[in-house]
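This report considers pairs of oppositely charged side chains in a protein chain. Please examine the sequence and the structure shown here before reading on.

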Amino acid sequence: MEAFQFYSPTQIIFGRGTEEQVGEQIARRGGSRVLVVYGGQSAVKSELLSRVLASLEQSGLSCDTLGGVKPNPRLSLVLSGIQRAEAFQANFLLAIGGGSVIDTAKAIADGVANPELDLWDDLWMKKVPLERSLPVGVVLTIPAAGSESSDSAVLTKDDTLEKRGLGSDLHRPRFAILNPDLTATLPRYQVACGVVDIMSHTMDRYFNPITTNQLTDELAEGLLRVVISSGRRAMDHPGDYQAMSELMWAGSLSHNGLTGLGGKKDFASHQLGHELSARFDSAHGATLSAVWGSWARYCLDADVSRFARFGVKVWGLDPTGRTERELALSAIDATVDFFHSLDMPTCFSELGCGLQSEKELEELTRRCTFFGTRTIGTFRVLDHDDILAIYRMANH
């Protein structure tokens, strides 16, 4: 077992009606002036927002609200949120929604706690380490990104369409309320994107150069099996409480570090997908499924046996009479077929961005390398030429 640290202070509060506890949870942690961040009208129409605000009021807390968060959250709204939080003198952020809302709340918390720094140029570009942030709580409505228990937040800069992530244990929410009933009316497409995202957070940890951590591997494989079976059930039976509860729990565990303990995170497919969502404003989960098969086939020879194990342990492939390479290729095919069964894209044309010119592929590659300043991945380290080759493979 490789040396590792595990730090995940997020308290998970799971079950029906748990959103009624939100005021108590914030008050217990010293919050008194709360900026509530949410997305579109679903939080209003479902009366979730009004229930949460009532809980805050009953606990004697003051609150203000900031709505309008969209997928692939933008820096501009975060900057407006910082101004609003400062004017209100907020000392706690509450996110009601999914990953984009949570990441927006985390970024606002960073900005308010560091008024002397430029949020993007200093913190998001990592010129200055993040050393303080306001506390954040979450009422989760979309099982997908895992941001309710993760150390990461991702933003897109409006004018340049640069998409960047910032990781810090200060980003881990103090608590996350998970009530599967809040997911009952999610559109089928949103559920499917979430399934892909949850799987990707685990696969991007599972496919790494360290393969000696048996318990970590078993945790990852078990989580993936549950997500696959629950994802099928959720697609066949929209709003199914048991299926959505499993996905909610898996989403939180998939991105809090548990399924990658002792390993070296790869996250190459995430980096490849980020450039697609920044450039074309595509859903995050859809960009992951659009590139994963191409990434897997390109990186297969880095460790054929890893993909073969993935096929046996996750997809239940029978190894009898089959070579490791045959199992590995079948495992990749099984994953891509599963994405198709969710109506998720597995290439650029299915993503909806259309076939890209060689010039556009070069530009995507340039941005993915942060304009020639980095490689990506650990399972197989990918440079400019590798990234371009994968984009070409997905460009059909």
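## Arg188 and Asp343

In this predicted model, Arg188 and Asp343 form a salt bridge whose closest N and O atoms are 2.8 Å apart. Arg188 belongs to helix α7 (residues 188–206), whereas Asp343 lies in the loop between α13 (324–341) and α14 (348–351), so the pair ties together parts that are 155 residues apart in sequence.

Are these two residues buried or exposed? Arg188 has a relative accessible area of 39% and is partly exposed. Asp343 counts as exposed, because its relative accessibility is 55% and the cut-off for exposed is over 50%.

Arg309 is in helix α12 (residues 304–313) and Glu218 in helix α8 (residues 214–236); the pair links distant parts of the chain, 91 residues apart. Arg309 is partly exposed at 26% relative accessible area, and Glu218 is partly exposed at 29%.

## Arg392 and Glu358

The closest N and O atoms of the salt bridge between Arg392 and Glu358 are 2.4 Å apart. Because Arg392 lies in helix α16 (residues 384–394) and Glu358 in helix α15 (residues 358–368), the pair ties together parts that are 34 residues apart in sequence. Arg392 is partly exposed, with a relative accessible area of 44%; Glu358 is also partly exposed, at 39% relative accessibility.

## Network and total

Salt bridges that share partners join Glu218, Glu221, Arg309 and Lys313 into one network. The structure holds 23 salt bridges.

Technical notes
Residues are numbered from 1 along each chain as its sequence is written. This is a predicted model: local features need pLDDT of at least 70, side-chain atom pairs count only at pLDDT 80 or more; totals for chains, interfaces and linings use all residues. Side-chain values use heavy atoms; hydrogens and water are left out. A salt bridge is a side-chain nitrogen of Lys or Arg within 4 Å of a carboxyl oxygen of Asp or Glu. Helices (H or I, at least four residues) and strands (E, at least two) are DSSP runs, numbered from the N terminus. Buried means under 20% relative accessible area, exposed over 50%, partly exposed in between (1.4 Å probe, protein chains only).
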